[in-house]
Amino acid sequence: MELKNDLLIRAAKGEKVERTPVWLMRQAGRILPEYRAVRNSLSGFIELVKNPELAAEVTIQPVDILGVDAAIIFSDILVIPEAMGLPYEMVEKKGPWFPKTINSPEDLSNLKVADAESDLGYVLDAIKVTKKELDGRVPLIGFAGAPWTIFCYMIEGQGSKTFSKARKMLYNEPVMSDQLLQMITDSTIEYLRAQIAAGANIVQVFDSWAGILPSDHYQKFSMKYITQICDAIEEVPVTVFAKGAYFARPEMRHLNCETIGLDWNMGIAESRRLIGEGKTLQGNLDPCALYGSPSEIETATKKMLDDFGTSRHIANLGHGVYPDIDPEKVKVFIQTVKEYSAQLRAQ
Ligand code: 1CP
């Protein structure tokens, strides 16, 4: 299937584009009343993730309503622990919760490397339905959590400010930690490959908890496994978003991926210098900038576009869009990227 709008893919590969492509992390399940309506028709989040028709519907909503240049498949990073044998629940207004967690090396014997087709077929089906309904309008982004971020939830069992239980494990059980991280990595590689086979045009690895590790542990317990994932994916471009890992930017230059995501604390010029010209950069407007007035959003977005320049950039926020942001404000951001980035190229 030929893509009618392939700006995102061309920008990821470093090809020339007429304007900067734009999408938002977490665009599919947070801000749209149309999402709420679908979500409330079911008993919970997990039911929606496991319903390919409705997952496809909420995946496409931001394309129709907001005008983004890509769809991201509606799912969660926590489907991997479940597929490995550690199911999760989604507690309303609180977030994920795991009835069982990994506490000792013995617990690993209850886990397996996930089989994408049999354990995650519902995501692959959702991708196939989405691709059919998108009909080539925009690319579809597949995704997975980075092994370190998934490890955090498998040890901790829920969200945490410090993930100190997970970090303690790296000190007290480094061998077991490596074994578990390798199992997650093997599961993730197979899962991303299956997403690509089902139709994903690009894949993103979310390392949401990268920033809580000291840099030596980041190399040893996160970058090492992200490197394996990047090396294993050849068919489509790969984006690595490691939130808070400003210290790892010099090493990111060497990852076998096309795009590096920046959070809003990472300076744009400095990131370009550290990461080099060989990668596309994605980001990085402060998500809180969207609480501003339309003219303030326009000014902040133009400044971001000026700072990134016209080559190798995909516009996005520096992390996921916050749930109470007005969709009209998101449209101002998107429209400004589209118009101003085309103007910059015409100059
Ligand atoms: O009932 C609901 O509506 C649950 C809310 C929700 C939604 C809509 C959760 C719970 N996850 C999702 C979907 C989701 N999660 C997507 C879908 C596509 C999109 O909207 O872009 C994606 C890409 C994710 C990824 C995800 N889940 C990440 C990585 C990105 C990030 O934001 O850092 C993480 C860390 C999660 C875990 C998770 N899932 C849900 C919550 C509340 C959390 C965070 C828990 C915590 O505080 O640690």
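A residue counts as buried when its relative accessible area is under 20%, as exposed when that area is over 50%, and as partly exposed in between. The legends below use these words for close-up views of a predicted model.

**View A. Val240, a buried residue of strand β6.** Val240 belongs to strand β6, which comprises residues 238–242. Its relative accessibility is 1%, and because buried means under 20%, Val240 is counted as buried. Leaving aside residues up to four places away in sequence, Val240 is in contact with Val205, Ile226, Cys230, Leu255, Cys257, Thr259, Ile260 and Gly261. His217 stands 23 residues from Val240 along the chain, and the C-alpha atoms of these two residues are separated by 18 Å.

**View B. Ser208 in the loop between β5 and α11.** The loop that holds Ser208 runs between strand β5 (202–207) and helix α11 (215–232). Ser208 has a relative accessible area of 19%, and since the limit for buried is under 20%, Ser208 is classed as buried. When residues up to four places away in sequence are not counted, the residues that Ser208 touches are Thr149, Lys243 and His319.

**View C. The salt bridge between Lys4 and Asp135.** Side chains of opposite charge can pair when their charged atoms come close. In the pair formed by Lys4 and Asp135, the closest N and O atoms are 3.6 Å apart. This pair links distant parts of the chain, with Lys4 in the segment before α1 (7–13) and Asp135, 131 residues apart from it, in the loop between α7 (121–134) and β4 (140–145). Lys4 is exposed, at a relative accessible area of 61%, whereas Asp135 is partly exposed, at 39%.

**View D. The salt bridge between Arg39 and Glu92.** The side chains of Arg39 and Glu92 form a salt bridge with an N to O distance of 3.0 Å. Distant parts of the chain are linked here, for Arg39 lies in helix α2 (residues 33–40) and Glu92 in the loop between β2 (89–91) and β3 (95–97), 53 residues apart. Arg39 is buried, with 8% relative accessible area, while Glu92, at 46% relative accessibility, counts as partly exposed.

**View E. The salt bridge between Lys50 and Glu82.** Lys50 and Glu82 meet through their side chains in a salt bridge of 2.8 Å, N to O. The two residues are 32 residues apart and again link distant parts of the chain, Lys50 being in the loop between α3 (45–49) and α4 (52–65) and Glu82 in helix α5 (residues 79–84). Lys50 is partly exposed, with a relative accessibility of 36%, and Glu82 is buried, with a relative accessible area of 18%.

**View F. A salt-bridge network of Asp6, Arg10 and Glu18.** Salt bridges link Asp6, Arg10 and Glu18 into a network. In the whole structure, a search finds 13 salt bridges.

**View G. A patch of negative charge on the surface.** Asp115, Glu117, Asp125 and Glu190 are gathered in this patch. One of these residues, Glu117, is located in helix α6, which spans residues 116–119. Glu117 has a relative accessible area of 55%, and because exposed means over 50%, Glu117 is classed as exposed.

Conventions
Residues numbered from 1 in each chain as written. Predicted model: local features only at pLDDT ≥ 70, side-chain atom pairs only at ≥ 80, totals over all residues. Heavy atoms only, no water. Patch = residues over 30% accessible without salt bridge, like charges linked within 9 Å, V, L, I, M, F, W, Y side chains within 5 Å. Areas by Shrake-Rupley, 256 points an atom, 1.4 Å probe, with all protein chains shown as cover. Salt bridge = Lys/Arg side-chain N within 4 Å of Asp/Glu carboxyl O. Lys, Arg positive; Asp, Glu negative; His and termini not counted. Charge placed at Lys NZ, Arg CZ, Asp CG, Glu CD. Helix = DSSP H or I, 4+ residues; strand = E, 2+ residues; numbered from the N terminus. Buried < 20%, exposed > 50% of the residue type's maximum accessible area, 1.4 Å probe, protein only. Contact = heavy atoms within 4.5 Å.
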